[in-house]
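Reader: I have a model open and want to go through it with you. Can we start with the surface?

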Amino acid sequence: MAETQTWKLLLPRQLRHLPADLAGVIGVVILTNLAALLPVISDTPVRIVAGLVFVLFIPGYAFIAALFPEAGSGPTADDETVSDPRADGIDGIERVALSFGLSIALVPLVGLVLNFTPWGIRLLPILVSLSGLTLVLTAVAAVRRWAVPADERFRVPYRAWLSAGREELFSPASRTDAVLNVLLVLSILLAAASVGYAVTVPKDGERFSEFYLLTEDEDGELVADGYPTEFQQGEGRSLIIGIGNQEHERTEYTVIAELQRVERVGNETRVRERSELRRFQPTLGHNETWHRQHEVTPEMTGEGLRLQYLLYRGSPPETVDQSTAYREVHLWVNVTG
């Protein structure tokens, strides 16, 4: 106990007196950021669990803590409301319910605001915005709670809960209670395992890779528009190749860029001549995105040529064409001499 108190003395006074529930909010914010950004953890179920708790509960809880620093007594009779100083607060059940509701309302609002900023709706801006908002609300909640008299402050009675749970589990009143406690624990573990499996192990239909082409507009933004279609032989024009890994595992890719002279025979497109332009071999973790600029410098000339990009998972086969590729995108271009 003395060692714990000595360790606490190393912290600033505000942190030493920070309420346990607000310290837990800060802990979840830190854990979520580490799980989302650290390469070692970002591919594990920790990222999913921490992210769900953070998005669905934590911002709303910090907001409610800032609004209601005092403890609540729950529903009371009319004559008790006047004399009880806790009647202005809310009880634990109301606090939890409002926390879920406010989180579901706050997170989309943050995304809407980010959509009109230069940063857009991406992982890092969302993390920074939600984390910053939550920490600011937590600081306001701590200051407001310290301003409330000690006997009227909201506290999470986690010690009483632990004591009651320990007594109920290890000192049941009867053998029937002991059996019911064991069944309850097993049911909770089974439910948690089922939810965890459903979240972390996706269906086969949910595994896919995004493959697309982009260009840069006048403001330097990447857009799926304005693709170059007129080329000069030997002169380069830029395209941006994009891959998004949603395979739920680390995946090696091969991208092959070709310029092809094709002809239509009935309903079939046949390649008469082909020229390989470039190969890329990126490796991406789950939920990672890869962009690479490709300077297309054609040597083949003609009209109605097909500039085709083929995506393979792993190494490509000996026969490289649209039928063997995992994904394919192409542009129809003209190249003059």
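Author: The accessible surface of the protein chain is about 20900 Å², and 59% of that belongs to carbon and sulfur atoms. Areas come from the Shrake-Rupley method with a 1.4 Å probe; for residues, only the protein chains shown count as cover.

Reader: What kind of model is this, and which pLDDT cut-offs apply?

Author: It is a predicted model: local features need pLDDT of at least 70 and side-chain atom pairs count only at pLDDT 80 or more, while totals for chains, interfaces and linings use all residues. Residues are numbered from 1 along each chain as its sequence is written, and side-chain values use heavy atoms, with hydrogens and water left out.

Reader: How many helices and strands in the chain?

Author: The protein chain has 11 helices and 10 strands. These are DSSP runs numbered from the N terminus: helices are H or I with at least four residues, strands are E with at least two.

Reader: Where does UniProt put the "transmembrane region" feature?

Author: The unreviewed UniProt entry gives residues 20–41, 48–68, 96–116, 123–143 and 178–199. Such annotations may be inferred rather than shown by experiment; positions are in the numbering used here, and feature names are shortened.

Reader: How much of residues 20–41 is helix?

Author: Residues 20–41 are 95% helix and 0% strand, with end C-alpha atoms 26 Å apart. For residues 48–68 the figures are 90% helix, 0% strand and 30 Å.

Reader: Switching to salt bridges. How many does the structure hold?

Author: It holds 6, each a side-chain nitrogen of Lys or Arg within 4 Å of a carboxyl oxygen of Asp or Glu. One of them joins R313 and E247, with the closest N and O atoms 3.3 Å apart. R313 is in strand β9 (residues 302–313) and E247 in the loop between β4 and β5 (251–265), so the pair ties together parts 66 residues apart in sequence.

Reader: Is E247 buried or exposed?

Author: E247 is buried, at 3% relative accessibility, whereas R313 is partly exposed at 46%. Buried means under 20% relative accessible area, exposed over 50%, partly exposed in between (1.4 Å probe, protein chains only).

Reader: Which residue pairs with R274?

Author: E258, with the closest N and O atoms 2.7 Å apart. R274 is in strand β6 (residues 268–280) and E258 in strand β5, 16 residues apart. E258 is buried at 4%; R274 is partly exposed at 39%.
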